[in-house]
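Visitor: Good morning. Could you take me through this structure and how some of its parts are arranged?

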Amino acid sequence: MSREIRRFVSAKIALLDKDEPYSKAACAKLRRAVGKLREEAPDVWDITIQGAPEGEISGKAIHACLTLYALHRQGKEESMCDQETGFGTAISKLIVINPDNEVAIRRRFNAVATSLEFSELAYHARGLVQLLKSNNIKLDYPRFASELYYFQFPERKNRIRLEWGKQFYRIDFNENTLVERTDKK
(Lines give C-alpha, C1' and ligand atoms only; values in the text may rest on other atoms or scores of the structure.)
Protein backbone atom coordinates (compact mmCIF):
# COMPACT_ATOMS: atom_id res chain seq x y z
CA MET A 1 0.00 0.00 0.00
CA SER A 2 2.85 2.38 0.80
CA ARG A 3 4.13 2.27 -2.77
CA GLU A 4 0.69 3.09 -4.14
CA ILE A 5 0.30 6.01 -1.73
CA ARG A 6 3.71 7.39 -2.71
CA ARG A 7 2.91 7.09 -6.41
CA PHE A 8 -0.48 8.74 -6.00
CA VAL A 9 0.85 11.65 -3.91
CA SER A 10 3.80 12.12 -6.24
CA ALA A 11 1.49 12.34 -9.27
CA LYS A 12 -0.86 14.77 -7.49
CA ILE A 13 2.05 17.00 -6.45
CA ALA A 14 3.31 17.05 -10.04
CA LEU A 15 -0.17 18.23 -11.05
CA LEU A 16 -0.36 20.81 -8.24
CA ASP A 17 3.06 22.18 -9.19
CA LYS A 18 2.01 23.08 -12.72
CA ASP A 19 1.63 26.75 -13.54
CA GLU A 20 -1.95 26.33 -14.73
CA PRO A 21 -5.31 27.69 -13.54
CA TYR A 22 -6.55 24.20 -12.55
CA SER A 23 -3.47 23.59 -10.38
CA LYS A 24 -3.79 26.94 -8.64
CA ALA A 25 -7.48 26.37 -7.98
CA ALA A 26 -6.81 22.85 -6.69
CA CYS A 27 -4.16 24.16 -4.28
CA ALA A 28 -6.59 26.80 -3.02
CA LYS A 29 -9.28 24.17 -2.42
CA LEU A 30 -6.80 21.95 -0.60
CA ARG A 31 -5.66 24.83 1.62
CA ARG A 32 -9.27 25.44 2.65
CA ALA A 33 -9.45 21.77 3.68
CA VAL A 34 -6.39 21.88 5.97
CA GLY A 35 -7.37 20.66 9.41
CA LYS A 36 -10.67 19.22 8.25
CA LEU A 37 -11.50 15.56 8.25
CA ARG A 38 -11.62 14.00 4.82
CA GLU A 39 -15.35 13.45 5.07
CA GLU A 40 -15.84 17.15 5.88
CA ALA A 41 -14.11 18.34 2.70
CA PRO A 42 -16.16 17.30 -0.35
CA ASP A 43 -14.62 20.13 -2.40
CA VAL A 44 -11.33 18.21 -2.57
CA TRP A 45 -12.59 14.68 -3.10
CA ASP A 46 -11.85 14.93 -6.81
CA ILE A 47 -8.21 15.54 -5.85
CA THR A 48 -7.79 13.30 -2.81
CA ILE A 49 -10.08 10.35 -3.60
CA GLN A 50 -10.41 9.97 -7.37
CA GLY A 51 -7.84 7.37 -8.43
CA ALA A 52 -6.44 7.01 -4.90
CA PRO A 53 -5.64 3.69 -3.23
CA GLU A 54 -8.71 2.33 -1.45
CA GLY A 55 -9.14 2.43 2.29
CA GLU A 56 -9.93 4.78 5.15
CA ILE A 57 -6.41 4.73 6.56
CA SER A 58 -4.73 5.52 3.25
CA GLY A 59 -7.39 8.16 2.56
CA LYS A 60 -6.68 9.99 5.82
CA ALA A 61 -2.94 9.99 5.11
CA ILE A 62 -3.40 11.24 1.54
CA HIS A 63 -5.86 13.94 2.56
CA ALA A 64 -3.63 15.26 5.35
CA CYS A 65 -0.51 15.14 3.20
CA LEU A 66 -1.96 16.89 0.16
CA THR A 67 -3.65 19.62 2.20
CA LEU A 68 -0.38 20.26 4.06
CA TYR A 69 1.49 20.32 0.76
CA ALA A 70 -0.91 22.94 -0.64
CA LEU A 71 -0.34 25.04 2.47
CA HIS A 72 3.44 24.66 2.06
CA ARG A 73 3.27 25.50 -1.65
CA GLN A 74 1.21 28.70 -1.26
CA GLY A 75 2.96 31.71 -2.75
CA LYS A 76 5.92 29.66 -4.00
CA GLU A 77 7.15 29.58 -7.57
CA GLU A 78 8.78 26.17 -7.22
CA SER A 79 7.81 22.81 -5.80
CA MET A 80 8.16 22.35 -2.06
CA CYS A 81 8.73 18.62 -2.56
CA ASP A 82 12.28 17.38 -3.10
CA GLN A 83 11.88 13.63 -2.45
CA GLU A 84 15.15 13.61 -0.48
CA THR A 85 14.38 15.43 2.76
CA GLY A 86 12.59 13.39 5.38
CA PHE A 87 10.30 15.01 7.93
CA GLY A 88 12.84 14.94 10.78
CA THR A 89 15.62 16.28 8.55
CA ALA A 90 13.43 19.15 7.33
CA ILE A 91 12.61 20.16 10.89
CA SER A 92 16.27 19.99 11.92
CA LYS A 93 17.06 22.41 9.08
CA LEU A 94 14.75 24.90 10.78
CA ILE A 95 17.10 24.93 13.75
CA VAL A 96 20.11 25.49 11.52
CA ILE A 97 18.38 28.52 10.00
CA ASN A 98 16.83 29.71 13.30
CA PRO A 99 19.16 28.65 16.14
CA ASP A 100 17.52 31.16 18.51
CA ASN A 101 14.24 29.26 18.13
CA GLU A 102 15.68 25.81 18.83
CA VAL A 103 13.64 25.24 22.00
CA ALA A 104 10.35 26.17 20.33
CA ILE A 105 11.09 24.14 17.20
CA ARG A 106 12.13 21.12 19.26
CA ARG A 107 8.93 21.44 21.34
CA ARG A 108 6.80 21.48 18.17
CA PHE A 109 8.69 18.51 16.74
CA ASN A 110 8.18 16.57 19.97
CA ALA A 111 4.47 17.40 19.90
CA VAL A 112 4.22 15.75 16.48
CA ALA A 113 6.40 12.80 17.46
CA THR A 114 4.46 12.08 20.65
CA SER A 115 0.99 12.51 19.17
CA LEU A 116 -1.30 9.73 20.24
CA GLU A 117 -3.96 10.22 17.58
CA PHE A 118 -3.66 10.93 13.87
CA SER A 119 -5.73 14.12 14.14
CA GLU A 120 -3.35 15.40 16.83
CA LEU A 121 -0.34 14.65 14.62
CA ALA A 122 -1.91 16.45 11.64
CA TYR A 123 -2.72 19.46 13.82
CA HIS A 124 0.85 19.80 15.11
CA ALA A 125 2.37 19.05 11.70
CA ARG A 126 0.47 22.01 10.28
CA GLY A 127 2.43 24.44 12.46
CA LEU A 128 5.72 22.89 11.43
CA VAL A 129 4.79 22.97 7.75
CA GLN A 130 4.06 26.69 8.10
CA LEU A 131 7.57 27.14 9.53
CA LEU A 132 9.05 25.09 6.67
CA LYS A 133 7.14 27.29 4.23
CA SER A 134 8.38 30.54 5.74
CA ASN A 135 11.98 29.26 5.62
CA ASN A 136 11.79 27.71 2.11
CA ILE A 137 12.64 24.23 3.36
CA LYS A 138 11.34 21.42 1.18
CA LEU A 139 9.99 18.05 2.29
CA ASP A 140 9.63 14.61 0.72
CA TYR A 141 5.83 14.58 0.67
CA PRO A 142 5.34 11.15 -0.94
CA ARG A 143 7.44 9.63 1.86
CA PHE A 144 5.60 11.75 4.43
CA ALA A 145 2.26 10.41 3.12
CA SER A 146 3.55 6.87 3.51
CA GLU A 147 4.69 7.65 7.06
CA LEU A 148 1.31 9.18 7.88
CA TYR A 149 -0.27 5.97 6.63
CA TYR A 150 1.91 3.75 8.81
CA PHE A 151 1.56 6.05 11.82
CA GLN A 152 -2.08 4.97 12.03
CA PHE A 153 -1.08 1.36 12.82
CA PRO A 154 -0.22 0.90 16.52
CA GLU A 155 2.50 -1.63 15.70
CA ARG A 156 4.19 0.80 13.26
CA LYS A 157 3.65 4.13 15.02
CA ASN A 158 6.81 3.93 17.14
CA ARG A 159 8.93 2.92 14.16
CA ILE A 160 7.82 6.06 12.30
CA ARG A 161 8.52 8.22 15.36
CA LEU A 162 11.98 6.71 15.71
CA GLU A 163 12.76 7.31 12.03
CA TRP A 164 11.79 10.97 12.38
CA GLY A 165 13.93 11.20 15.51
CA LYS A 166 16.94 9.67 13.74
CA GLN A 167 16.57 12.17 10.92
CA PHE A 168 16.13 15.08 13.32
CA TYR A 169 19.13 14.23 15.48
CA ARG A 170 21.53 13.73 12.57
CA ILE A 171 22.40 17.37 13.03
CA ASP A 172 25.05 18.92 15.22
CA PHE A 173 22.98 21.74 16.66
CA ASN A 174 26.00 23.28 18.35
CA GLU A 175 27.86 23.58 15.06
CA ASN A 176 24.68 24.33 13.09
CA THR A 177 25.69 21.95 10.32
CA LEU A 178 24.12 18.79 9.07
CA VAL A 179 26.22 15.71 9.62
CA GLU A 180 26.39 12.89 7.12
CA ARG A 181 22.84 11.73 6.40
CA THR A 182 21.53 8.45 5.19
CA ASP A 183 17.84 9.23 5.32
CA LYS A 184 17.08 8.33 1.71
CA LYS A 185 14.94 5.26 1.27
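This is a predicted model: local features need pLDDT of at least 70, side-chain atom pairs count only at pLDDT 80 or more; totals for chains, interfaces and linings use all residues.

Visitor: What is the angle between helix 1 and helix 8, and how far apart are their axes?
Guide: The two helices pack at an angle of about 140 degrees, and their axes lie 8 Å apart. Angles over 145 degrees would count as roughly antiparallel and those from 65 to 115 as roughly perpendicular, so this pair is classed as oblique.

Visitor: Is the crossing of helix 1 and helix 8 left-handed or right-handed?
Guide: Helix 1 passes helix 8 in a right-handed crossing.

Visitor: Which residues meet there?
Guide: From helix 1, Ser2, Ile5, Arg6, Val9, Ser10 and Ile13 take part. Their partners in helix 8 are Tyr141, Pro142, Arg143, Ala145, Ser146, Tyr149 and Tyr150. By class, this contact has eight nonpolar, three polar and two charged residues.

Visitor: Changing topic: where is glutamine 83?
Guide: Glutamine 83 sits in the loop between helix 4 (56-73) and helix 5 (87-97).

Visitor: What is its phi?
Guide: Phi of glutamine 83 is near 55 degrees, which is positive although the residue is not glycine. Most residues other than glycine have a negative phi.

Visitor: What about asparagine 136?
Guide: Asparagine 136 also has a positive phi, near 55 degrees. Its place is in the loop between helix 7 (118-134) and helix 8 (141-151).

Note on methods:
Residues are numbered from 1 along each chain as its sequence is written. Side-chain values use heavy atoms; hydrogens and water are left out. Helices (H or I, at least four residues) and strands (E, at least two) are DSSP runs, numbered from the N terminus. Axes are lines fitted to C-alpha atoms, for helices over the stretch in contact, and angles run from 0 to 180 degrees between N-to-C directions. Angles under 35 degrees count as roughly parallel, over 145 as roughly antiparallel, 65 to 115 as roughly perpendicular and the rest as oblique. A crossing is left-handed if the near helix is turned anticlockwise from the far one by less than a right angle, and right-handed if clockwise. Contact means heavy atoms within 4.5 Å. Ala, Val, Leu, Ile, Met, Phe, Trp, Tyr, Cys and Pro count as nonpolar, Asp, Glu, Lys and Arg as charged, and the others, Gly among them, as polar.
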